[in-house]
Amino acid sequence: MSFDEIIERRGTHCAKWDMMQPIYGVPAEDGIAMWVADMDFRPPQVVQDAVERMAAHGVYGYFGDDSAYLAAIQWWMANRHGWEVAPEWIFTTHGLVNGTGLCVDAFTAPGDAVMLMTPVYHAFARVITAAGRTVTECPLTVMDGAHQMDFAGWEALLTGREKMLILCSPHNPGGRVWSVEELQAVAEFCVRHDMILVSDEIHHDLVFPGAKHTVMPLAAPQILDRLVMMTAGTKTFNIAGSHIGNVIIPDPGLRASFGKRMAALGISPNSFGLHMITAAYSPEGAAWVDEVVAYLDGNRKLFDDAINAIPGLRSMPLESTYLAWVDFEGTGMAPAEFAERVEKGAKIAVNHGGSFGKGGESFLRFNLATPRAVVEEAVERLRVAFADLQ
């Protein structure tokens, strides 16, 4: 696989590239899209082969017999994460934003609150509030340049209406891989406050050397009676458009509640996603993941070195994901000013930190899952845009 290949995505109904002008005012012809969290790489050949076999067959009927699909998920979780999953624990949703919405619907009621450790993936709050629930924002602290949990501080922020905590592990947007001790503390916090724990681990395959992700069931097995695991291959293999995700629930009672909501809403997966995941969760797919992580690690180092050389800018150390979290507080600029320099000056579309909740106001999020030449061009544009600080 050549991750250096520039693949033209403009004009392909691509949200990341075709929507940066209408949303951010970044011109399509020479702008750089570094916002939506998908990669500018093709998936592994084994996935492409599976899609081509479907196209060659030419009949797109209902999918039947998901045993190979479920076995592939079991193989992946056992071989890549050391976790043995029973097939009956697995529900397939239309991606993990859909999975989040279903969890909120199944395990909370209108008027309840859901706790988020902010800044965190912006879709969580959107889904919670749209469902008539309240978000309880519990800000992470920043120590030694990285996000840290603050359980003592959070105790005072809880209202007593919290029925669920949604954990992002590894963390998006900060890129932290939580330690086993931190995960155990999260579990204890949920038990203490009688909350369901939904652990979104969609980035768990994209972990850089020096860090080790532990799935929540292994970190804190005592939490299984209130744990919902969300995993997916969509970020891992760059197949987000397949809209497929796993909601894995070991506890029979929670499983029954979730299953009832799935049935009531008539949710079933599309056949393309099932075929793609079955192919991806394989030795061939695993080899591709190892290659893409190594490539992303190179992009990460290049980007961080360049950004940290610009006075006033600081890139948070990235242990996982391909989403760099850059703090502009040192510039002394208001968010509107530094965002304008990035979007209008450097012509780069990025996510605004404030959309991730409290603690994100001075940040912008940059997607590094793109050919290295694009990262090099982006950092050069940023140098120029902030040249007066150097």
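These legends describe close-up views of a predicted model.

**View 1. Helix α3 packs against helix α12.** Two packed helices are described by the angle between their axes and the distance between the axes. For α3 (residues 45–57) and α12 (residues 271–280), the angle is about 140° and the axes lie 8 Å apart. The crossing is right-handed. From α3, the contact draws on Val46, Val47, Ala50, Val51 and Met54. From α12 come Ser271, Phe272, His275, Met276, Ala279 and Ala280. By class, the residues of this contact are 9 nonpolar and 2 polar, with no charged.

**View 2. Helix α5 crosses helix α11.** The axes of α5 (residues 95–107) and α11 (residues 252–265) are 9 Å apart. Their angle is about 110°, so the two helices are roughly perpendicular to each other. The crossing is right-handed. On the α5 side sit Gly99, Leu102, Cys103, Asp105, Ala106 and Phe107. They meet Leu254, Ser257, Phe258, Arg261, Met262 and Leu265 of α11. The contact of α5 with α11 comprises 8 nonpolar, 2 polar and 2 charged residues.

**View 3. Strand β3 is buried on both faces.** In strand β3 (residues 113–118), 6 of the 6 residues are buried, so the strand is largely enclosed by the rest of the structure. In a regular strand, side chains alternate between the two faces of the sheet. Here Ala113, Met115 and Met117 point one way. Val114, Leu116 and Thr118 point the other way.

**View 4. Strand β3 pairs with strand β4.** The pairing with β4 (residues 134–139) is parallel and spans 6 bridges.

Terms used: Residues are numbered from 1 along each chain as its sequence is written. This is a predicted model: local features need pLDDT of at least 70, side-chain atom pairs count only at pLDDT 80 or more; totals for chains, interfaces and linings use all residues. Side-chain values use heavy atoms; hydrogens and water are left out. Axes are lines fitted to C-alpha atoms, for helices over the stretch in contact, and angles run from 0 to 180 degrees between N-to-C directions. Helices (H or I, at least four residues) and strands (E, at least two) are DSSP runs, numbered from the N terminus. A crossing is left-handed if the near helix is turned anticlockwise from the far one by less than a right angle, and right-handed if clockwise. Contact means heavy atoms within 4.5 Å. Ala, Val, Leu, Ile, Met, Phe, Trp, Tyr, Cys and Pro count as nonpolar, Asp, Glu, Lys and Arg as charged, and the others, Gly among them, as polar. Angles under 35 degrees count as roughly parallel, over 145 as roughly antiparallel, 65 to 115 as roughly perpendicular and the rest as oblique. Buried means under 20% relative accessible area, exposed over 50%, partly exposed in between (1.4 Å probe, protein chains only). Two strands pair if DSSP finds at least two bridges between them.
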